[in-house]
Amino acid sequence: MEDEVDRLVAAWRRERPDLDVEPLEVLSRVSRLARHLDRARRLAFAEHGLEPWEFDVLTALRRAGTPYQLSPGQLLTQTLVTSGTMTNRIDRLAKKGLVARLPDPNDRRGVLVRLTDEGRDRADQALAGLLAQERAILAELSRIQRGELAGLLRRLTAPFDNVPG
């Protein structure tokens, strides 16, 4: 079965036979797959009235476990956005009734962000929708192939995810 990357690679091999274009065979597919996954994620979240960034914040809180709360700093670490961006996101989610700001009992100047019941329900529903979409995307692969692919991708991503700083 031929795909768009096969056509792209063949064209580069014809036009630039002096270059080794083999990396394109893997990384162009990863890049194209990332775009397809982004579209699938947006659709899954939209069905539950969420934007991708809202899902990211809500699910970070949901994964924290009961009482589903984190400091803004912890949310920054998990979502990789700036402090100003996080403040804006928390404000917007609070206006929608999906999170609440609470005083931090361990820091008089600090706050905690807690998932509301509605926020938890929306996060849970959106996650279930996302997983259904992702299962459909992976349906062509056997359980063993999915495990092998996950391991190979982990080898590629781990050095980026484990950079100090």
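**Exercise 1.** How many residues does the largest nonpolar core have, and which of them have the most contacts inside it?

*Solution.* This is a predicted model in which local features need pLDDT of at least 70 and side-chain atom pairs count only at pLDDT 80 or more, while totals for chains, interfaces and linings use all residues. Residues are numbered from 1 along each chain as its sequence is written, and side-chain values use heavy atoms, with hydrogens and water left out.

A nonpolar core is a set of buried Ala, Val, Leu, Ile, Met, Phe, Trp, Tyr and Cys residues joined through side-chain atoms within 4.5 Å, where buried means under 20% relative accessible area (1.4 Å probe, protein chains only). The largest such core has 22 residues, and those with the most contacts inside it are Phe45, Leu58, Leu61, Leu75, Leu93 and Val99. At least two residues each come from helix H2 (22–46), helix H3 (52–63), H5, strand S3 (107–115) and helix H6 (117–137), and H3 gives the most, with 6 residues.

**Exercise 2.** Describe how helix H4 and helix H5 cross, and list the residues in contact.

*Solution.* Helices are DSSP runs (H or I, at least four residues), as strands are (E, at least two). The axes, lines fitted to C-alpha atoms over the stretch in contact, of H4 (residues 72–79) and H5 (residues 83–95) come within 10 Å and cross at roughly 110°. The two helices are therefore roughly perpendicular, a term for angles of 65 to 115 degrees. Contact (heavy atoms within 4.5 Å) is made by Pro72, Leu75, Leu76 and Thr79 of H4 and by Ser83, Met86 and Ile90 of H5.

Definitions and conventions
Axes fitted to C-alpha atoms, helices over the stretch in contact; angles between N-to-C directions. Parallel < 35°, antiparallel > 145°, perpendicular 65-115°, else oblique. Buried < 20%, exposed > 50% of the residue type's maximum accessible area, 1.4 Å probe, protein only.
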